[in-house]
Amino acid sequence: MLGSGVLSVWERSSTARVVPSARPRKLAKVPFAELADGRLQGVVSSGSDIGRVYVSSVEAGTYAFACSTNNNRPCGGARGSFCNHIRALIGEAVLQYGVERVARYLKVEVSDGEADAHTVTGAMTSTRPAQGESSAAAQVFSRFLRHLSYLELAPTTAPLPEMQWFPTTRTVA
């Protein structure tokens, strides 16, 4: 806590707290979903080609959407409405973060208590979202690959070089 001279355990460590998933989810279809940069964005596996993934996103407030392959080829199903990749992304985000958090982040009006992924998707599609640009696809896919690289590391408590910018101690004046 700044000013009191007392730091909590997580403030003294080099790790960040991880918010547990609202419910367990299967990572095979949507291995990466995040609420970041004013969008729900993530990586969705292709249903027809095991070697292909799609980078999908929905912008908060406007619900502008984009879906393209990791090679920046546009999704054939995202023509004027949400494709199956975006619908899968929304469903998995609701499992990971909870319907209330996803709806609040995307600025979707849903009734309390009975909302689910279909309710959130339906509320967004009823406003006729526009197809946006996939300019963020490269950044989202790059973050996904970086997250995958962490899975290849052996478990250790040693610091990671790319995380060295985190302060290890904090002096309080």
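Reader: In which strand is Ser 56 found?

Author: The model is predicted, so local features need pLDDT of at least 70 and side-chain atom pairs count only at pLDDT 80 or more, while totals for chains, interfaces and linings use all residues. Residues are numbered from 1 along each chain as its sequence is written, and side-chain values use heavy atoms, with hydrogens and water left out. Strands are DSSP runs (E, at least two residues) numbered from the N terminus. Ser 56 is found in the strand of residues 53-59, E3.

Reader: Is Ser 56 buried or exposed?

Author: Buried means under 20% relative accessible area, exposed over 50%, and partly exposed in between (1.4 Å probe, protein chains only). Because its relative accessibility is 1%, Ser 56 counts as buried.

Reader: How many salt bridges does the count come to?

Author: A salt bridge is a side-chain nitrogen of Lys or Arg within 4 Å of a carboxyl oxygen of Asp or Glu. Asp 37 and Arg 39 meet in one at 3.8 Å, N to O, and Arg 52 and Asp 49 in another at 3.5 Å, N to O. By this rule the count comes to two.

Reader: Which term describes Arg 39, buried or exposed?

Author: The side chain of Arg 39 meets that of Asp 37 in a salt bridge. The relative accessible area of Arg 39 is 18%, so this residue is buried.

Reader: Which term describes Leu 151, buried or exposed?

Author: Leu 151 lies in H5, residues 137-151, a helix being a DSSP run (H or I, at least four residues). Because its relative accessible area is 67%, Leu 151 is exposed.
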